[in-house]
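Please consult the sequence and the structure shown below alongside the text.

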Amino acid sequence: MIAALDDDIDLDDEVILQPTRLRFQRLVREWVDEEVIRAVRVIDIANQVNGGRIYSPGPDTMADIDQRGDLASEDLRARVELVFVGLSTREFVDTVSDYICQQIISLDDANRVLRAGGHLFYFSETIDDSRHVLHVKMSSAPEDWLDEEIPNIKQVLNRMESAADRGDYSEVLAAGTVIFETLAKDVLGKKIKPSATFHKLLPEYKVRSGLPEPFIEYMHNMYKLRNASPLAAHGSTAPPKITKSEALTFIEITKMLVRLQRVLLATDE
């Protein structure tokens, strides 16, 4: 497999958090498995990406290698542990791409780690003239990386967007608050009653979610707005008050909150 990174992919807003770097480091460590040749290989690949020198073990390191044949040298071991440290987002992506192409990290493992970290980019393999080519792609929305942990959220996000397309903005509001309630139940765990409302979950969710106070307040305000808006939670003869602009803004903020909650949960692991 060869890497053909897409230069038009905008990674400026992507921040590689420490939990993501740690998960990738563990995958590399597992592959190296105390073997000297493998250790030097992962070090050299990282150095080539970030402009460093090809690794040349010093006399003391070579003496350790000759004597033990494994990673007895602390210098070599430390360099393996530093392959993802200090890399920019682009350098990080390039390094992981090369590790995938060299079968140090599998494509599935790499995308699994990125999903767990809430990242919107992922790796994709295509076949071009019998060559396997690795690409970096951007997801258009959080539903592309939501996995089976909380499948209901993906379904309700689709419902929100379908309602917006139909001009049913009250349904957008109703569906969005269902997502907030589902997020809260996911964070708080199985001890929560399935019938519990977001209002009842809010005090504990505020503590456990890790979300900044203004975001929690926004979620609560939208929940109260749903209860007061015609056709969003109750039948009414009054016309809906939520506008198209408000509904579209609510959809995008809801997606952002879903993604942020996933990132914060991954950070706490």
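A residue is called buried under 20% relative accessible area, exposed over 50% and partly exposed in between, with a 1.4 Å probe and protein chains only. By this criterion, both F24 and F84 are buried. This is a predicted model, in which local features need pLDDT of at least 70, side-chain atom pairs count only at pLDDT 80 or more, and totals for chains, interfaces and linings use all residues. Residues are numbered from 1 along each chain as its sequence is written, and side-chain values use heavy atoms, with hydrogens and water left out.

**Aromatic pairs**

- Rings of Phe, Tyr and Trp (its six-membered ring) pair if their centres lie within 6.5 Å; planes under 30 degrees apart count as stacked, over 60 as edge-to-face and the rest as tilted.
- The structure holds 10 aromatic pairs. F24 and F84 form a tilted one, with 6.1 Å centre to centre and 50 degrees between the planes.
- Helices (H or I, at least four residues) and strands (E, at least two) are DSSP runs, numbered from the N terminus. The F24 and F84 pair links distant parts of the chain, 60 residues apart: F24 belongs to helix 1 (residues 18-32), and F84 to the loop between helix 4 (74-81) and helix 5 (89-101).
- F198 and Y223 are also paired in a tilted arrangement, at 5.5 Å centre to centre and 50 degrees between the planes. This pair joins helix 9 (residues 198-208), which holds F198, to helix 10 (residues 213-228), which holds Y223.
- F198 is buried at a relative accessible area of 0%, and Y223 counts as buried at 7%.
- Ring pairs connect F180, F198, Y205, Y218, Y223 and F250 in a cluster.

**Nonpolar cores**

- A nonpolar core is a set of buried Ala, Val, Leu, Ile, Met, Phe, Trp, Tyr and Cys residues joined through side-chain atoms within 4.5 Å.
- The largest such core has 35 residues, and those with the most contacts inside it are F24, V42, F84, Y99 and F123. Elements that each supply at least two of its residues include helix 1, helix 2 (36-50) and strand 2 (121-128). Helix 2 gives the largest share, 7 residues.
- A second, separate core of 33 residues includes V172, A196, L202 and F250.

**Helix 6**

- The buried residues of helix 6 are L107, A110, N111, V113 and L114. Viewed down the helix axis, they fall within an arc of 160 degrees (taken from the directions from the axis to the C-beta atoms), so they line one face of helix 6.
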